[in-house]
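Please look over the sequence and the model below. The paragraphs that follow go through it one region at a time.

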Amino acid sequence: MSTITNSSLHNFKVVMLDAECRYTNWTRDITESNLSWDFVRFDSKDSLLLCLDEQICDAVIIPCSMRAQVDIELMAQIAKRHPTSVRVFMGAEYWNAAQKAKAADVAHRIYPSAVTIEGLGASLEYQIKLLHLLNRSSLQAYVGSVGCLPSPPSIYRQLTDAINSDRADLADIGEIVEQDLAVVAQIMKQVNSAFFGFERTIVDLKEAISMLGVRNLRSLALSSQLNNQFKSPDDWKAFSFEQMNARSLVVARLAQTICRRSGASKVMQDQAFLAGLLHDLGILIMASHNPEQYKKLLNYAVKKSKPIYLVEKAAFGFFHGEVAGALLALWNLPPQVIEAVMLHHVPHLSKDHDFKVLTAVHVADAMIPSVHVEGECNLASNLSLRYLDQVGVMDEVPQWRIVANEYRVRMVSNL
């Protein structure tokens with residue numbers, strides 16, 4: 001059984017699982033609102049999935065129940081079968097931290113129970129439009145042409161399964177990582193760098209896992225394998241890929257620190273770390289795919305005094321944030337990580353008015369200087385005061401600059 005609302009404009013199709021019939025009034029409220037939604041409310045999981053299998057839906061809303069694992073597994077199933085739909089949980093206040101962490105990996109947003117249709121509307125439509133951008137045929141064709149893996153590296157997948165199993169211990173995690181000794185070496189190198197600030201040298205992988213946490217370890221493993229896939233061409237001299245990757249680690253650590261100082265959840269801190277590691281992945285993809293063309297874009301950016309992302313946009317119709325975002329979306333990485341990677345140069349496009357992963361990554365990228373580029377092209381973001389005012393964090397900027405300066409010093413000492 002379902003309840004259908006036909007709005008005057010049929011821009012977006014939004015479906016909801018309302019097994020407990022808590023949102024029957026939404027049918028009327030959406031009709032009376034200015035939202036351009038075709039809204040369908042289902043009272044069973046099977047009828048919801050049948051609808052999703054039969055037609056394209058722009059967004060799926062699942063109110064959280066006391067059966068958290070059932071809700072999360074359903075959303076994960078939807079993510080695999082219908083990756084082009086925005087996925088939303090409502091009311092996770094009573095879930096524990098581990099359940100919220102799993103939910104954040106599969107949902108684009110988690111809204112409080114008290115959210116109103118008006119409060120949900122603009123944010124949800126922003127998420128839908130963002131996903132539509134990532135699924136443009138021209139962008140998908142480009143990502144398919146550059147030799148990207150059709151799925152995330154195996155170690156990342158196995159570590160994700162281990163995180164979700166709740167049964168894996170340090171020995172199990174270590175065995176997964178040890179499948180690739182190059183990844184182990186890179187992780188140990190990064191753990192002992194100045195950016196983590198441990199007081200002594202870490203020599204044991206299990207200890208490294210314990211110190212880092214499994215989610216950070218998973219992020220470093222993914223970053224390491226991607227760095228091995230997208231390498232600089234033999235004659236490439238425009239900038240150092242190695243220094244780009246080292247800078248991304250600095251951005252990741254700073255973004256994570258900004259989240260922690262802002263009182264963000266551990267989940268958001270971990271997502272900011274992953275997004276910081278991957279925020280410039282699109283540059284490496286584009287530069288390794290067609291180095292001569294990308295050198296011309298760098299030179300043109302300097303000549304015209306334009307940010308590189310605008311030059312990329314003019315040349316391709318998309319820029320490096322979108323390239324990386326499209327790839328990560330294919331892999332079903334956490335949506336807020338994808339959003340931060342995609343919009344770190346243009347955070348003002350966000351419709352959010354509170355602190356997000358995007359906030360931390362944008363600030364970190366803007367406050368850490370660019371790697372040296374032949375011709376002096378600046379690859380870092382310009383700090384968007386307009387966006388920071390929008391999310392209400394302007395008062396935090398001076399303290400963030402102090403922390404960023406500490407990481408800049410560490411970066412210089414590590415080069």
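With which side chain does the side chain of His 345 make a polar contact at 3.2 Å? The partner is the side chain of His 320. A polar contact is a pair of N or O atoms within 3.5 Å; within protein, one must be able to donate a hydrogen and the other to accept it, and residues adjacent in sequence count only if both atoms are side-chain atoms. The side chains of His 345 and Ser 381 are also joined by a polar contact, of 3.1 Å.

This is a predicted model, in which local features need pLDDT of at least 70 and side-chain atom pairs count only at pLDDT 80 or more, while totals for chains, interfaces and linings use all residues. Residues are numbered from 1 along each chain as its sequence is written, and side-chain values use heavy atoms, with hydrogens and water left out.

His 345 sits in the loop between α18 (335-343) and α19 (357-367). Helices (H or I, at least four residues) and strands (E, at least two) are DSSP runs, numbered from the N terminus. With 7% relative accessibility, His 345 counts as buried. Buried means under 20% relative accessible area, exposed over 50%, and partly exposed in between (1.4 Å probe, protein chains only). Not counting residues up to four places away in sequence, His 345 touches Tyr 309, His 320, Asp 365, Leu 379, Ala 380 and Ser 381. Contact here means heavy atoms within 4.5 Å.

The helix α18 is largely enclosed by the rest of the structure, because 9 of its 9 residues are buried.

The axes of α18 and α19 come within 8 Å and cross at roughly 35 degrees. Axes are lines fitted to C-alpha atoms, for helices over the stretch in contact, and angles run from 0 to 180 degrees between N-to-C directions. The crossing of α18 and α19 is right-handed. A crossing is left-handed if the near helix is turned anticlockwise from the far one by less than a right angle, and right-handed if clockwise. In this contact, Gln 336, Glu 339, Ala 340 and Leu 343 of α18 meet Val 357, Leu 358 and Val 361 of α19. By class, the contact has 5 nonpolar, 1 polar and 1 charged residues. An α-helix has 3.6 residues a turn, so residues three or four places apart point the same way.

The α15 and α16 crossing is right-handed. On the α15 side the contact is made by Gln 293, Tyr 294, Leu 297, Leu 298, Tyr 300 and Ala 301, and on the α16 side by Ile 308, Val 311, Glu 312, Ala 315 and Phe 316. These residues divide into 9 nonpolar, 1 polar and 1 charged.

Arg 81 is found in helix α3 (residues 68-81) and counts as partly exposed, at 37% relative accessibility. Its side chain makes a polar contact of 2.4 Å with the side chain of Asp 53. Arg 81 and Asp 53 are 28 residues apart along the chain, and their C-alpha atoms are separated by 8.2 Å.

Helix α3 also holds Ile 72, which is buried, with a relative accessible area of 6%. Leaving aside neighbours within four places in sequence, Ile 72 is in contact with Phe 89, Trp 95, Gln 99, Lys 102, Ala 103 and Val 106.

How values were computed
Nonpolar A, V, L, I, M, F, W, Y, C, P; charged D, E, K, R; others polar.
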